[in-house]
Amino acid sequence: MKNHKPWRNAPLQEAVFEIRFPSIGDYALFAGGMAMSQKQYFPTTQKLQVVDIPEIIELAGLVKHRFISQDQSLLFQTGSDVISINSINYKGFPTFSDNIEKILIAAESFVDLSNLTKLGLRYINRFPGVENPAAVLNINLPFSNMDVSKTQVLQIQEVNKIDEEGTLMGLNIQFIAASKDLILDLDVSLNLSQESWNVSAISSWASKAHDIIWDKFQTLISESEKEVRI
């Protein structure tokens, strides 16, 4: 992991780490076990109501329970084939990484982490009060004759393969003129087949994914925007 100096006024709204695995047979045991083992650190448990989806139907990546930390700065969610860890009040990657490891170690009692199907790391950034997205981000607007002052919605999506292992870098930009909100959503993901994983290997992958996102983030933010945030 590279040494990244935190920004004074970072635009980050949420960081999300996610793993997927083959659906486990006894989800109730998994959810109940995680609730009990993490009660000291995540005292609030919410059962998520999935509208119009019968319990017998299993959708990939569907989260069913949410566990919230006492200060509400961190939460994790579980489903029969997924664990996501969400940082709402991000305090730097070392802290986030420690939290990821602690939750995965607890999950090892219920989930076979050696048999993952997907890894993902995502950072969602919000820039409020934006008049012109190109003044905040180093992007080329899609049309040369585009009049930004008349644009109501702008969406840009890009997905790139960045290595031979199949790691994907996703970039999503959304600008809503009415709210003047500019969203920069960056994620790195890896679909898996037969590789064997453990907590240490997962943590190492997350660190590399974080560096990839950080480097992309640094190149996207304009110099004028950096001046008011770093």
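Biologist: Leaving aside neighbours within four places in sequence, which residues is histidine 65 in contact with?

Modeller: Contact means heavy atoms within 4.5 Å. With neighbours within four places in sequence set aside, histidine 65 is in contact with Tyr27, Ala31, Thr45, Gln46, Lys47, Leu48, Phe76, Gln77 and Thr78.

Biologist: What kind of model is this?

Modeller: Residues are numbered from 1 along each chain as its sequence is written, and side-chain values use heavy atoms, with hydrogens and water left out. Local features need pLDDT of at least 70, side-chain atom pairs count only at pLDDT 80 or more, and totals for chains, interfaces and linings use all residues, as the model is predicted.

Biologist: Is histidine 65 buried or exposed?

Modeller: Histidine 65 is found in strand 3 (residues 65-68). Strands (E, at least two residues) and helices (H or I, at least four) are DSSP runs, numbered from the N terminus. Buried means under 20% relative accessible area, exposed over 50%, partly exposed in between, with a 1.4 Å probe and protein chains only. The relative accessible area of histidine 65 is 16%, so this residue is buried.

Biologist: How many bridges join strand 1 to strand 6?

Modeller: Strand 1 (residues 12-20) also pairs with strand 5 (residues 82-87), antiparallel, over 6 bridges. There, valine 16 stands opposite asparagine 86. On strand 6, the bridge partner of glutamate 18 is glycine 120. Strand 1 and strand 6 run antiparallel, and the bridges joining them number 8.

Biologist: How many of the 10 residues of strand 6 are buried?

Modeller: Strand 6 pairs with strand 9 in the antiparallel sense over 10 bridges. In that pairing, asparagine 125 stands opposite leucine 184. Strand 6 is largely enclosed by the rest of the structure, because its buried residues number 7 of the 10.

Biologist: In the hairpin of strand 7 and strand 8, which residue takes a positive phi?

Modeller: Strand 7 (residues 153-161) and strand 8 (residues 168-176) are antiparallel, with 9 bridges. Valine 153 stands opposite isoleucine 176. The hairpin has 6 residues between the strands, and the positive phi, near 95°, belongs to glycine 166.

Biologist: How many residues has the largest nonpolar core?

Modeller: A nonpolar core is a set of buried Ala, Val, Leu, Ile, Met, Phe, Trp, Tyr and Cys residues joined through side-chain atoms within 4.5 Å. Here, Phe17, Ile19, Phe96, Leu184 and Trp205 have the most contacts inside the largest core. Helix 4 (residues 199-220) gives the largest share of this core, 9 residues. The residue count of the largest core is 57.

Biologist: Which kind of pair do the rings of phenylalanine 42 and phenylalanine 76 form?

Modeller: Rings of Phe, Tyr and Trp (its six-membered ring) pair if their centres lie within 6.5 Å; planes under 30 degrees apart count as stacked, over 60 as edge-to-face and the rest as tilted. Phenylalanine 42 lies in the loop between helix 1 (27-37) and strand 2 (44-47) and phenylalanine 76 in strand 4 (residues 74-79), so the pair ties together parts 34 residues apart in sequence. Phenylalanine 42 and phenylalanine 76 are both buried. Their centres are 5.0 Å apart and their planes at 85°, so the pair is edge-to-face.

Biologist: What is the centre to centre distance of tryptophan 214 and phenylalanine 217?

Modeller: Both residues lie in helix 4, 3 residues apart, about one turn of the helix. Tryptophan 214 counts as buried because its relative accessibility is 18%. Phenylalanine 217 counts as buried because its relative accessibility is 7%. Their aromatic pair is tilted, with 35° between the planes and a centre to centre distance of 6.0 Å.

How values were computed: Pairing = 2+ DSSP bridges.
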